[in-house]
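Thanks for coming. I will go through one model today, first a couple of local sites and then the interface. Please have the sequence and the structure open.

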Amino acid sequence: MGRGEASDRRRIQLSEWKRKLDAVKIQKEDTNKLIMNFLVTEGYVEAAHTFELESGTPPGVDLGAISDRMEIRRAVQRGNVEEAIERVNDLNPEILEEKHQLSFHLQQQRLIELVREGRTEEALEFAQEYLAPRGEEHPAFLGELERTVALLAFEDARSCPVADLMDIAQRQKTASELNAAILASQCQEREPRLPGLLKMLVWAQDHLDEKLIYPRINDLVSGELVEPPADH
Amino acid sequence: MVASPADLVAKLSSSGDRDARLKAVRDIKNVIIGNKQKKQVFVSLGAVPRVVELLSCDAGGPLLVQCAAAVGSFAYGLDAGVQAVLASGGVAHLLVALSSEDEAVVLAASRALKMVYQSPMAPAAHALAGSALTRLVWLLGAANLCVAEVAARVLARCCDTPEQQAAVLEAGGLGGLLALLAAAEPARREAAADALAALLSGSPAAASQAVRRAVLPVLVKLLGCTAVREGVPGALAALLDDCPALHRAAADADAIGRLAAFLQDERCSSRLKVGTLCALGTLCLDYEDHRRQLAEARVLPQIVRALDDPDAQVRAAACTCVRSMSRSVVALHCSRVGADVAPPLFRRLQDADLGIQATASATLCNVVLDTSPAQEAVLAAGGLATLVRLTSAPAAELRVNAAWALQNLMHHASADVRAAVLAALPWERVEALASDADARVQERAVKLLQNVFAYCTPRDVEAAQAWSGGVALRLLVSSANPAANVPPLRRSHSLYGLCNVAVSGEEAGRAAVMASGAVPHIVASLSDTDNAVRLAAVWCVIALSEPHGKPAAAQRVADLAAAGALAALRGLAEDPPSLDIHERDGDGGGEEGGAGDGGAAGEGGLLPGTGQEVLMRDEDEDVVLSSL
């Protein structure tokens with residue numbers, strides 16, 4: 001914007017743009033559903049419960065199942081992988097039975113946590129007992145398996161070439177994968193719809209920029225319409 | 001770290017401590033889920049029967065839930081695990097658990113059954129009745145996805161006999177399944193469609209037709225849904241089976257194209273292949289344009305490859321599909337299909353599975369008919385020796401098909417094929433077939449001989465006689481004898497065989513037939529009660545009275561007249577039942593008087609008539625539509 005060719009494009013003033021925006025009718029229920037979808041998918045059980053009471057929007061799922069999912073996710077984030085595995089198997093044994101990669105990543109995370117706690121001998125035993133057979137069964141995991149077992153070869157796992165595995169981000173990655181799998185098993189979307197809509201807004205504005213000069217939303221947090229700069 | 005597997009298994013039967021048992025089952029479950037190797041360890045420690053035993057006692061909800069989950073995990077992904085679950089009666093206990101008051105138990109049992117059903121070893125039929133069925137129908141409406149789906153899958157297995165189907169209908173299964181068919185989730189719709197197909201299969205009732213019509217679009221739509229497609233083609237095959245009225249509707253909805261697309265996908269699983277090939281086989285059974293659609297879908301290489309699949313069910317399904325395709329003259333003649341399928345089909349003649357052998361041999365009957373690339377492939381692949389060996393197979397079905405394939409191979413055979421067949425097939429085999437215990441095999445033997453003498457030269461006739469040690473003609477004469485206890489159909493074909501010797505063998509052939517002792521049988525057959533026999537006898541008279549005006553022919557006419565042929569023919573002319581006979585009769589009478597000008601065409605040509613020519617040398621409808 002504000003480039004030389006600006007004059008080629010039609011200009012729409014704030015008042016006219018607002019009038020056009022107001023002409024688009026959006027049902028209150030639809031916005032509420034969008035918000036509920038966000039709260040449910042992100043696991044804000046309390047907020048979802050309150051929002052249901054206040055707006056009358058049904059959550060569409062058993063909020064109890066969300067609590068389970070959140071606790072399972074938190075268990076991984078805390079580094080208590082065993083608890084997460086037990087809980088997810090109680091919630092739905094099909095998940096880890098069918099998702100080999102997820103199952104492998106959870107066992108991998110278990111090994112990482114053992115290393116983190118300095119329980120090297122146990123870690124070694126665990127790797128032989130639980131990780132190695134999976135590598136044999138699924139050759140695709142071999143690369144990752146080797147990287148993980150490499151942790152055991154270094155005195156200080158935190159400063160070794162595969163130290164990234166020790167990072168909290170690795171826990172986060174495993175927790176997200178598990179969370180997504182639980183959502184999928186409950187026939188729910190893995191991601192809330194709201195971020196998708198915001199991406200579409202950015203995309204649409206980028207395209208519109210080529211044709212029009214109009215009041216833009218530059219700050220997604222405030223959602224404020226910014227008047228286009230005056231012509232030179 | 002958990003206790004050792006042996007310790008855990010020991011704790012399963014610790015008599016007193018409930019909590020210890022519960023913990024042991026839960027620990028075992030958490031170790032084996034997703035871990036094939038650990039499953040193997042526990043299976044060999046005998047854990048499965050013990051867990052199943054706990055499942056059978058009234059042990060309270062939490063323990064039942066853990067036991068069901070453990071049983072389900074054992075049954076998933078490990079053949080030895082499924083076997084152990086089946087052998088210990090785990091499925092029966094899980095079915096009982098479906099009737100529990102405890103929702104958590106019902107859910108756990110449903111999930112476990114779902115795991116069991118994913119195995120090809122899972123029981124194909126359950127014998128449930130009364131209250132259990134009512135309960136299942138009620139579960140179809142369960143809010144939980146898995147429970148409703150599993151209820152449908154169990155019901156699909158309760159439709160093995162018409163009585164069972166009636167019991168499911170009685171329990172309200174139809175309404176419940178139709179409601180489930182409208183569910184949002186593909187998995188539930190697929191399970192419902194599968195169960196409906198099972199419930200309706202074999203039932204020709206109009207109501208069933210109407211329901212099938214309702215189910216069809218759902219299934220065709222589900223073909224495009226990647227999440228559930230595994231089981232859909234199989235259900236579609238079941239739905240279309242015995243219901244040709246739906247084949248058109250399915251093809252119009254592009255079922256053939258969608259199914260074919262599965263075969264193009266390299267990740268196509270065995271189960272998907274089996275269902276797809278069966279459904280395609282059914283769709284191509286009756287309609288030529290369906291076969292053309294499939295031929296145009298460019299999946300023939302995949303179908304041909306499936307004939308050699310390591311999985312017996314895939315091979316069987318591929319055979320069925322190729323068999324349907326082989327009914328199409330166009331599909332076989334206009335492509336190299338015949339040549340491509342012949343070698344793998346010959347390998348299937350030696351398949352360990354008898355059913356596959358039977359389908360493969362029936363398919364070959366069609367493939368070798370009149371398609372020179374296929375015939376060459378047969379000779380090249382050493383298939384003849386296999387076919388000849390199969391003529392002495394213990395199963396009558398295989399002997400019938402082998403003799404039939406040889407018969408079709410000899411139909412319009414080139415000189416090379418003719419020579420190869422006669423060289424590979426010892427005359428003793430033909431005699432054995434002609435006196436086979438199975439009447440169908442005897443019939444094939446005569447038809448084979450009929451074709452041996454059709455469309456060939458006098459030298460070929462001579463060679464064929466020599467091949468039989470001079471007794472082929474005698475075999476035809478004895479099986480044309482109206483006084484012998486031979487079924488009319490075989491007698492008529494024996495007469496056509498004699499007729500072919502007379503036509504193909506020219507003067508020598510006609511002289512041989514006259515001298516063979518066949519004349520009394522031919523004349524007696526002119527007044528047979530069977531239309532086909534009378535017609536064949538008329539053709540014999542026509543052939544023997546050729547060529548007009550020659551002294552030898554006049555002599556034969558005189559001999560036939562002396563044997564009573566003229567009187568018999570006059571009798572036929574006055575007898576109204578068959579128009580065919582009248583027309584041929586006119587020709588024959590003319591010939592006999594030596595004044596007719598219709599006459600038979602030259603060697604290998606077609607005799608004048610009204611479309612019945614093909615009967616003369618070959619087969620009737622069963623030439624192409626073999627044994628179906």
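By contact I mean heavy atoms within 4.5 Å. This is a predicted model, in which local features need pLDDT of at least 70 and side-chain atom pairs count only at pLDDT 80 or more, while totals for chains, interfaces and linings use all residues. Residues are numbered from 1 along each chain as its sequence is written, chains are lettered from A and ligands numbered from 1 in the order in which they are written, and side-chain values use heavy atoms, with hydrogens and water left out.

Start with B:Asp528. Not counting residues up to four places away in sequence, B:Asp528 touches B:Pro482, B:Arg491, B:Val533 and B:Arg534. B:Asp528 sits in the loop between helix 35 (519–526) and helix 36 (531–544) of chain B. Helices here are DSSP runs of H or I, at least four residues, numbered from the N terminus. Is B:Asp528 buried or exposed? B:Asp528 counts as buried because its relative accessibility is 12%; the cut-offs are under 20% for buried, over 50% for exposed, and partly exposed in between, with a 1.4 Å probe and protein chains only. A polar atom of the B:Asp528 side chain lies 2.8 Å from the backbone nitrogen of B:Asp530.

Next, B:Pro343, in helix 23 (residues 337–348) of chain B. With 26% relative accessibility, B:Pro343 counts as partly exposed. Leaving aside neighbours within four places in sequence, B:Pro343 is in contact with B:Ala377 and B:Ala381. The C-alpha atoms of B:Pro343 and B:Gly383 are 7.6 Å apart, with the two residues 40 residues apart along the chain.

Now the interface. Chain A brings 22 residues to the contact and chain B brings 24 residues. Between them the two chains bury about 2,000 Å², 47% of it on carbon and sulfur atoms; buried area is the accessible area (1.4 Å probe) that two parts lose on being put together, summed over both. In chain A, the residues that lose the most area to chain B are A:Glu94, A:Glu97 and A:Tyr130, together 29% of what that side buries.

How many salt bridges does the rule find across the interface of chain A and chain B? There are seven, a salt bridge being a side-chain nitrogen of Lys or Arg within 4 Å of a carboxyl oxygen of Asp or Glu. One pairs the side chains of A:Glu86 and B:Arg26, at 3.6 Å, N to O. On the side of chain A that touches chain B, helix 5 (81–91), helix 6 (94–98), helix 7 (100–116) and helix 8 (120–137) of chain A each give two or more residues. Helix 8 of chain A has the largest share, seven residues.

Methods: Polar contact = N/O pair within 3.5 Å; in protein donor to acceptor, adjacent residues only side chain to side chain.
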